[in-house]
Amino acid sequence: IQEAMAEIAAGRPLVVWVTGHVEPGRGVEITVRGETRRVARYEHTVILIGYDDQRDVVTLQDGARVYERSMTVFLQAWEPLENMAVIWK
């Protein structure tokens, strides 16, 4: 999470994989043709565009919609997919 917050602080949003519409979820491992992958029901991507340490929230963009989630809920939605993110450097 520290690396993600550093990227946001530097003005570089991240694409993150979450469960549902950033709701707590559960990931599972599946093996297809000998390759193991982690997947989750209702897997979804959103763009992490900001955070507020004082309020303990993150700001997300999901298509045209921008909304906030508590850091706790965000982490519960991000962790099932192993905190997968695309970071531009």
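Predicted model: local features only at pLDDT ≥ 70, side-chain atom pairs only at ≥ 80, totals over all residues.
**Whole chain.** Start with everything selected and coloured by secondary structure. The chain holds 2 helices and 7 strands, arranged along the sequence as α-β-β-β-β-β-β-α-β. Its radius of gyration is 13 Å, close to the 12 Å that the globule rule gives for 89 residues, so the chain is as compact as a globular protein of that length. The C-alpha trace spans about 45 × 25 × 25 Å along its principal axes.

**Surface and charge.** Switch to a surface view. The accessible surface comes to about 5800 Å², and carbon and sulfur atoms account for 49% of that. Of the 89 residues, 31% are buried. Next, select the charged side chains: there are 10 positive and 13 negative ones, and the centres of the two sets lie 6 Å apart.

**Strands 1 and 4.** Select residues 14-19 and residues 43-52. These are strand 1 and strand 4, which run antiparallel and are joined by 6 bridges. Two pairs to pick out are Trp 17 with its bridge partner Thr 45, and Leu 14 with its bridge partner Leu 48.

**Strands 4 and 5.** Gly 50 stands opposite Thr 59 of strand 5. The two strands form a hairpin with 4 residues between them, and Asp 56 in the turn has a positive phi of about 60°.

**Strands 2 and 3.** Now select residues 27-32 and residues 35-40. Strand 2 and strand 3 pair in the antiparallel sense over 6 bridges. Gly 27 has Ala 40 of strand 3 as its bridge partner. This hairpin has 2 residues between its strands, and Arg 33 takes a positive phi near 50°.

**Contacts along the sequence.** Among contacts between residues at least 6 apart in sequence, 59% join residues at least 24 apart.

Conventions
Residues numbered from 1 in each chain as written. Heavy atoms only, no water. Pairing = 2+ DSSP bridges. Rg over C-alpha atoms; globule rule 2.2 N^0.38 Å. Buried < 20%, exposed > 50% of the residue type's maximum accessible area, 1.4 Å probe, protein only. Contact = heavy atoms within 4.5 Å. Areas by Shrake-Rupley, 256 points an atom, 1.4 Å probe, with all protein chains shown as cover. Lys, Arg positive; Asp, Glu negative; His and termini not counted. Charge placed at Lys NZ, Arg CZ, Asp CG, Glu CD.
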